[in-house]
Amino acid sequence: MQQTDATEKVIIGVDPGTQVMGYGVISVKGQHITLVQYGVIHLSKYTTHELKLKKIFERITQLIEEYLPDEMAIEDPFYGKNPQSMLKLGRAQGVAMAAALARDIPIVEYSPKKVKQSVTGSGSASKEQVAYMLEKILNMELSREFMDATDGIAIAICHQYHANSPASVSAGSSKKSKKGGWGAFVSENPQRVK
């Protein structure tokens, strides 16, 4: 048998969207990260915003019931120029969060810049750069068909990196938090810095 002292933690990462919502589920044992599942929820086929929100809630609830995550990490909506788009994106994020809250799953939000910085070292990395680094971290090839899903994986991995930082342990896991930072990431992951 393998080590029994390392407890498993399952994290679901969600990249909210109103056309496509990406998600990634990872399992963490010690410092080893395994990709469990990833994919997208296609929402553009639904005619009303209300129906899209219903589908988000149903699918996130289904993922929670299937994979029993211990924690959810979700991307903060970035602030764009169109207030109507921001409102719709915020609703999509809220519905995904409600699915986790209904199961008493702690939620932490991360900015897109923090997620990219945690995974690639650059807060302005492209989706392709994020996907490339995820392949290196997970030691596997990811489908380019699901670029929004790789964002979900990146959010979950970002949370894992920051959830173990000294700042986060003292702050508690259930409240909104902008934890860690590049220094915390480097000190927690010396093997990733070359």
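Colleague: Which residues lie nearest the centre of the second largest pocket?

Modeller: D15, E75, F78, P112 and D151, from a lining of 21 residues. A pocket here is an open set of points on a 1 Å grid over the protein atoms alone, where a 1.4 Å probe fits, with protein on both sides within 12 Å along at least five of seven lines; lining residues have an atom within 4 Å of a point. This is a predicted model: local features need pLDDT of at least 70, side-chain atom pairs count only at pLDDT 80 or more, and totals for chains, interfaces and linings use all residues. Residues are numbered from 1 along each chain as its sequence is written, and side-chain values use heavy atoms, without hydrogens and water.

Colleague: Which elements give two or more residues to that lining?

Modeller: α2 (83-101), α3 (112-120), α4 (127-138) and α5 (147-163). The most come from α5, with four residues. Helices (H or I, at least four residues) and strands (E, at least two) are DSSP runs, numbered from the N terminus.

Colleague: New topic. How many helices and strands does the protein chain have?

Modeller: Seven helices and five strands. The order along the sequence is β-β-β-α-β-α-β-α-α-α-α-α.

Colleague: And what percentage of the residues is buried?

Modeller: 48% of the 194 residues. Buried means under 20% relative accessible area (1.4 Å probe, protein chains only).

Conventions: Buried < 20%, exposed > 50% of the residue type's maximum accessible area, 1.4 Å probe, protein only.
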